[in-house]
Structure formats: structure tokens, C-alpha cells
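Let's take a walk through this one, starting with a strand pair and ending with charged side chains. Have the viewer open as you read.

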Amino acid sequence: MDIHMLKNPFKNASKKKKVIFIIAGIFVFCVVAGLALPNFGGSGTAGMQISSGTIERGNLQETIAIKSTVEGSDSANIYSAANYRINSVTVQEGDVVTEGQILATLDAEDLADEYSKAKIAYDEAKRAYDTSKTLYEEGAIAESDYLSAKATYETSRLTLNSLNLTENANVTSPISGTVTRVNATVGKLANGGSGNSEPLFVIENLDKLQMKVKVSEYDISKIRVGQTATITAEVLGSETVTGTVSHISPTGEQRDASGSEMVIPVVIDIDKGNTNLIAGVTAKATILIDEAIDVFTVPIDAILEDPATGETYIFVITENNTLSKVAVKVGLEGDLYTEISPAETGSASEQITEGRRIMLSPTYECQDGMPVTVLQ
């Protein structure tokens with residue numbers, strides 16, 4: 001046997017392994033290339049992955065929204081000046097009353113007896129005072145006697161006036177308006193004095209409604225008398241009514257006992273028109289602070305501010321998927337969008353156009369001309 005004619009089995013095995021390794025290597029390369037391909041921009045160069053928005057043209061509003069209770073523009077909590085039993089209640093909730101109208105009568109029988117006694121004491125004190133005055137002027141009595149008679153007369157007069165039957169036997173309304181609460185009950189003691197926690201009646205002027213809101217000390221500088229407000233409430237459904245800021249308190253107060261933030265009371269007059277808005281319901285007043293009409297706007301997070309110079313920028317995305325840094329002026333800021341305008345004329349102005357793509361949430365690493373990959 002010719003030994004030179006025999007094939008080397010180990011050499012053939014080695015060639016097969018090389019072929020396998022080459023094929024495997026090509027497969028891995030294709031997989032890696034396939035994964036990396038989306039990271040290449042339109043120019044074929046890989047770039048930072050970014051999210052994008054667009055420059056829009058529209059209207060912006062800056063507003064402050066506050067909830068409060070709707071109430072009558074003029075109201076009165078009515079108590080009795082005397083602690084007698086209630087004989088009758090002459091009104092019910094919803095009645096419209098005029099100033100001075102009787103709302104309830106009291107059992108003033110004891111008061112009448114007291115008044116009669118006080119009237120007798122007053123008449124006697126007045127006669128004594130008149131006599132003392134004449135004698136004093138003639139020099140017939142001492143000044144001290146005259147002054148004593150005068151003091152007795154003044155005291156009896158005040159006592160008699162305090163027992164005025166008309167005022168104490170009737171509970172009357174101090175204002176014109178609508179009866180919104182009746183807590184008076186026949187047979188119940190009137191519990192005179194405003195120290196009682198529950199008024200006998202509540203009268204409100206429902207023709208003119210208002211909201212008394214509390215504006216934070218951080219926002220009060222934006223509020224001006226005459227600003228308009230949009231009023232919404234569950235009772236209105238999809239309807240809204242208009243309000244106007246009519247009064248701003250000159251002093252502040254604590255929002256709550258546990259905090260340090262101060263609030264300033266502000267009154268908003270409401271024009272309810274023919275709607276179903278009523279006093280006593282919770283409503284939201286959205287006060288219009290400022291507005292910009294037909295301006296360029298971008299999402300707030302598209303703005304980048306240079307901490308060293310205070311200048312503001314946006315990054316426009318070019319057709320080649322590269323960044324173009326554009327200096328802008330920031331105007332009115334809304335809840336989600338802010339107004340922008342070119343910081344300078346020329347090419348910067350040309351890049352701020354409606355529908356232009358811009359980068360969202362730019363960072364200080366972003367540079368003019370940097371390639372990017374825009375995420376869909």
C-alpha cells in the first residue's frame with residue numbers, strides 16, 4: 001500500500017470546523033447589524049434617540065382655578081333680641097321679603113308687663129327731673145340733687161326704650177332678599193342674642209350671586225379687579241356663566257392653622273343670567289390672567305435654558321435628522337404649552353414655522369448639527 005495515497009482524517013475534520021465557524025460568524029454579524037440598523041439616521045450615521053413634537057400656531061391662556069361656595073351678594077343671619085317663645089312664623093324658605101318685613105312674632109305678654117312698669121317709672125322720673133331743673137335754676141336746691149334727678153331720668157328712659165314692644169315682639173328682616181333658611185319653630189324659645197350658633201332666619205339677595213375665593217399669596221400679584229372668570233358647577237351641567245373680580249382684600253390670612261401659606265380673600269361677582277345656578281352649591285371659578293392670540297407654541301418641555309446666560313433655545317430637527325439649535329424668546333406660558341418667537345431675525349426666524357419638528361426634553365449635551373434618531 002502506498003502510504004502517500006492515504007487521506008489525513010484529522011485534516012478534513014479541521015476544515016469542516018473552520019467552515020462552521022465562518023458560517024456562525026456571518027450569522028452573528030447579520031443579527032448584530034440588523035439590531036444596529038435602526039440606530040442609523042437618514043444620513044447613515046447613528047445618533048441619539050429622541051422624542052419629538054411640533055411647533056403649532058394657536059391661542060394660549062394663563063388661568064387660575066379656585067373652588068368655593070356660591071352665595072348671595074348680600075346676606076343676613078337673623079337672631080332675636082329677646083328670649084321669648086315664638087308665637088308664629090310668617091315666612092318659609094324661598095319667600096322673597098323686603099327690609100323691615102316681619103318674619104316671626106314672639107309671646108311678649110311678660111314684656112308688656114315690664115314695659116308698663118318701666119313706663120310708670122319713666123313718667124315719675126321725668127316729673128322729678130323737670131321739677132329739680134326748675135328749682136335748681138332758681139337756686140332752691142343743690143346741684144347734686146339736680147344731677148341725681150337727671151341721672152335717674154336718663155336711666156329710666158334707656159330702660160323704657162330697651163323694652164320697645166314693636167322691636168322685641170317681632171323678628172324683622174334687616175335686608176331685602178330671599179329666605180334661604182328657616183330655623184324658627186312655633187313654641188321654641190327665640191334664644192335672643194347673636195351668640196346663639198343657629199340663626200332664626202337667613203336672608204340672601206339671590207338676584208346677585210358671588211363667590212368668595214382664597215387666592216394663594218404666590219398668585220395674588222396676577223389678580224386684578226375687572227378680570228373675567230368662567231364659572232362651572234355640577235348644577236349647571238355643560239353650561240358656564242361669567243364672573244368678574246370685584247374686590248381684593250388688602251390683607252391676607254392663613255390658609256389653615258397647620259400651615260404657613262397665606263391666602264388673600266377675593267370676591268367674584270357672578271352674572272348667572274337665566275341658568276340654574278343657585279346659592280349654596282360648590283362651583284369652580286377659572287380666572288383669566290392673560291391670553292395670547294394666534295402665536296407660535298411648543299410643549300413646555302421643548303425649552304432649554306442656558307444657566308449661564310439665561311437665554312432660551314429649542315432644537316429643530318432637520319430633514320437629515322440632525323439638530324439645529326434656535327434661540328427663542330418665551331412668552332405666555334400655559335399649562336402644557338408656551339409661546340415662543342424668534343430671538344433674532346434671519347435664519348432663526350425661518351426655522352420657526354408651523355408644523356416644524358422639534359426635540360422634546362433636550363439636555364445640555366445636545367449640540368448644533370448632532371445626528372439623532374427620532375422615536376415614533
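Start at V179, which sits opposite I203 in β10. You're looking at a predicted model, where local features need pLDDT of at least 70, side-chain atom pairs count only at pLDDT 80 or more, and totals for chains, interfaces and linings use all residues. Residues are numbered from 1 along each chain as its sequence is written, and side-chain values use heavy atoms, with hydrogens and water left out.

Strands β9 (residues 177–182) and β10 (residues 201–204) run antiparallel, joined by four bridges. Strands here are DSSP E runs of at least two residues, helices are H or I runs of at least four, and both are numbered from the N terminus; two strands pair if DSSP finds at least two bridges between them. Zoom out and you get an open antiparallel sheet of four strands, ordered β4-β10-β9-β6. β4 (75–78) and β6 (96–97) are at the edges with a single partner strand each, so one side of each has no neighbour in the sheet.

Now for the charges: there are 10 salt bridges (a side-chain nitrogen of Lys or Arg within 4 Å of a carboxyl oxygen of Asp or Glu) in the structure. One of them links K222 and E62, with the closest N and O atoms 3.2 Å apart. K222 is in the loop between β11 (209–216) and β12 (228–233) while E62 is in strand β3 (residues 56–72), so this pair ties together parts 160 residues apart in sequence.

Another salt bridge brings R157 and E154 together at 2.7 Å, N to O. They're three residues apart in helix α3 (residues 143–162), so about one helical turn separates them.
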